[in-house]
Amino acid sequence: MKIPEQSFLDRRSNGVPVSEYLDRQLLIQFYHPQFGPDILLKKILVVGIGGNGSHLALALTRMGFAEVALVDKDTVSPSNLTRQVLYTKSDVGRLKTDAAADFLRGQSICSEIKVHTMDVLVERQRFLNLVRQADFVFSVVDQLNVTFFVTAACLKAMKPMCSGGTFVVGGFGTTAVMQRPEGQPCLACNLLSKEPPADWIRFYSTFSDDRPEETGELDLSKVAAYDGVIKLPTRDPSTYITASTGSNLMIALMINWMMGNYVNERLIFNLLNFYFDKDLVALNPHCPLCSHENNGE
Ligand SMILES: [Zn+2]
């Protein structure tokens, strides 16, 4: 068994040592010695606190990760409440970050909850700095263009990330996929069904600390015209069970990674007929984010 990180486990919450709250979870070390308390010292960034993100945030907080940081720009709407577990009717109209912070601070055993209300495509440098401060990033936004941007940020900062969400079987299918800090294959290798226009790539992979002038000159009509993102669209709304199941698959990928087991497969689970599948995340030599051909351009 790993030697516990005493300063962390001895920390007290409501007068009770953290080790007492986490007692059952720490027993897992007897079966899996790599699942030590040091895993819980990680800082986790969740980008998007909708269906999948709210389930992720709650699970990460209850598991006791040292820091759970959340990014979103939206407000809570009535249609969110069937699956977004951080909000109630009284939160409708509030910023999701504010409502999530209130809820999660009440749920926290030992986690520091941080929230950042922002549009990541607008405040690019600020977002990149948040990625740099994190040990692991979840990208669970409902626009794959933004997922592409978060993927680019994680590659730039060399941070591991995981993404996933609902796919087209009417809200009952979910996917989860992981990207290592070094990328290759990156998420974009399987995200793009055809080569996007150069402007598109530049727009969704440019940060304000490099080539800002090119972002400013972007012809947005060309960006909007590109329809080649995706093999598994994540535009369908989640149900409670896919948001919950998908978020747990993503956390499992993260924990496997932290325990030294990188899973280079996209997990696919359809809850209507209990179809489970995996496909290899393969390096796409034409990938605009991580391939050798495009690096250095
Ligand atoms: Zn790639």
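Does Met 158 count as buried or exposed, and how many C-beta neighbours does Met 158 have inside 10 Å?

Reply: The model is a predicted one. Met 158 has 12 C-beta neighbours inside 10 Å and therefore counts as exposed, since the cut-off for that class is 12 or fewer. Met 158 belongs to the loop that lies between helix H7 (144-157) and strand E7 (161-167). The backbone at Met 158 has a positive phi of about 55°, although this residue is not a glycine. In general, most residues other than glycine have a negative phi, and most peptide bonds are trans.

Gln 184 also calls for attention. Its phi is near 50°, a positive value in a residue other than glycine. Gln 184 is located in the loop between E8 and H8. The peptide bond that joins Gln 184 to Pro 185 is cis, with omega about 0°. Pro 185 is likewise found in the loop between strand E8 (173-179) and helix H8 (188-191).

The buried residues of H5 are Lys 96, Thr 97, Ala 99, Ala 100, Phe 103 and Leu 104. Seen down the axis of H5, these buried residues fall within an arc of 160°, so they line one face of the helix. They pack against helix H4 (51-63), strand E4 (67-72) and strand E5 (112-117).

Key: Residues numbered from 1 in each chain as written. Predicted model: local features only at pLDDT ≥ 70, side-chain atom pairs only at ≥ 80, totals over all residues. Buried ≥ 20, exposed ≤ 12 C-beta atoms within 10 Å, placed from the backbone. Helix = DSSP H or I, 4+ residues; strand = E, 2+ residues; numbered from the N terminus. Arc of directions from axis to C-beta. Contact = placed C-beta atoms within 7 Å.
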